[in-house]
Amino acid sequence: MVRIDQGSQTLQADGLLLITAVIWGFAFVAQRVGMEHVGPFGFNGVRFALGCLVLLPLLCRNGARGVERPSDRAGVFLSSSLGGGLVAGLVLFAGASFQQVALVYTTAGNAGFITGLYVVLVPIIGIALGHRTHAGTWTGAALAGVGLYLLSVVDGFTISPGDLLVLIGAFFWAGHVHLIGWLSPRHDPLKIAFLQYAACAALSLVVSAAVEQNTAGRYLSAAVPILYGGVLSVGVAYTLQVVAQKSAKPAHAAIILSLEAVFAAIGGWLILGETLTPRAFAGCVLMLCGMLMSQLWRAPSTTVPVASGS
């Protein structure tokens, strides 16, 4: 009877992770559509603000309780929930900004696959932090690198501006994973999530006010993609992921969350009419294999890094 219950919990967790991957994948489509009406910083500002509102009831219900461990080498500022949340919000702002601006110049499918490279970058960056790695990291990085070349590099060995911006953003997503991994054991994850979303929203809206010409009418025209990006992608998907990874097997989580890139390509094809050349398709396959290789070449008990989402 216990085995059946455990199997049922695993199946349910896998289902929630699949829903999360679908939501995050199609969010790339919403992000592209939304920018037909508003600028990238305005779009991010409003959607992360909505994400805060979605998390607020959960935060109030939990009473914002968490483990506080201020004695840490990183200093007093990072050791507080407020400081940690603000720093996480700054890194999140950088990653989200590069990704959102990039979607002006590249496709949803390309953005999804290149963003997914953060899964490979996380263990590579970890080496500089003193973490151990394994052969799967380098094999996965090699596969992903070849895939990126096939997907993005054109004649003359040049990469499109949009794909380059997404790649830069992937480094920030990888750094964000390490930062959240450091903060999560020390603070209430919901509180950190709320604070980082609030900081990212504030920074995005400030930049939007300075460089963009967004009006109330434009925001109303982009209401559907903004609601999708804020309520579903930021608020709901984050909550589903947190709930699911309490019961999901690490290998399952690695595979299912990596499908975010696939769903981004499917969404771009179904809704935006985007297509992939045979060369680009081969690149996507190699990148997906590299992401999975990087995560699955490890002991079954090892946890996978928490995905940042789109």
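Start with helix α3 (residues 81-102) and helix α8 (residues 189-211): their axes come within 7 Å and cross at roughly 50°. An axis here is a line fitted to C-alpha atoms, for helices over the stretch in contact, and angles run from 0 to 180 degrees between N-to-C directions. That angle makes α3 oblique to α8, given that under 35 degrees counts as roughly parallel, over 145 as roughly antiparallel, 65 to 115 as roughly perpendicular and the rest as oblique. The crossing of α3 and α8 is right-handed, a label used if the near helix is turned clockwise from the far one by less than a right angle, with anticlockwise being left-handed.

Who does the touching? On the α3 side the contact includes L82, L86 and F93, and on the α8 side it includes I192, L195 and L203; contact means heavy atoms within 4.5 Å. Sorted by class, the contact of α3 with α8 has 13 nonpolar, 6 polar and 1 charged residues. For that sorting, Ala, Val, Leu, Ile, Met, Phe, Trp, Tyr, Cys and Pro are nonpolar, Asp, Glu, Lys and Arg are charged, and the others, Gly among them, are polar.

A quick word on ground rules. This is a predicted model, where local features need pLDDT of at least 70 and side-chain atom pairs count only at pLDDT 80 or more, while totals for chains, interfaces and linings use all residues. Residues are numbered from 1 along each chain as its sequence is written, and side-chain values use heavy atoms, with hydrogens and water left out.

Now zoom out. The chain has 13 helices and 2 strands; these are DSSP runs (H or I of at least four residues for helices, E of at least two for strands), numbered from the N terminus. Of its 310 residues, 47% count as buried, meaning under 20% relative accessible area with a 1.4 Å probe and protein chains only (exposed is over 50%, partly exposed in between).

Next, compare another pair: α6 and α13 pack at about 165°, with their axes 7 Å apart. These two helices are therefore roughly antiparallel to each other, and their crossing is left-handed. Among the residues in contact are G140, G147 and L151 of α6 and G283, M287 and G290 of α13.

Leaving aside neighbours within four places in sequence, I114 is in contact with residues including L148, L151 and M287.

G162 sits in helix α7 and counts as buried because its relative accessibility is 0%. Y105 is 57 residues from G162 in sequence, but their C-alpha atoms are 4.6 Å apart. G45, in helix α2 (residues 40-62), is also buried, at 0% relative accessibility. Beyond residues up to four places away in sequence, G45 touches A201, S204 and L205.
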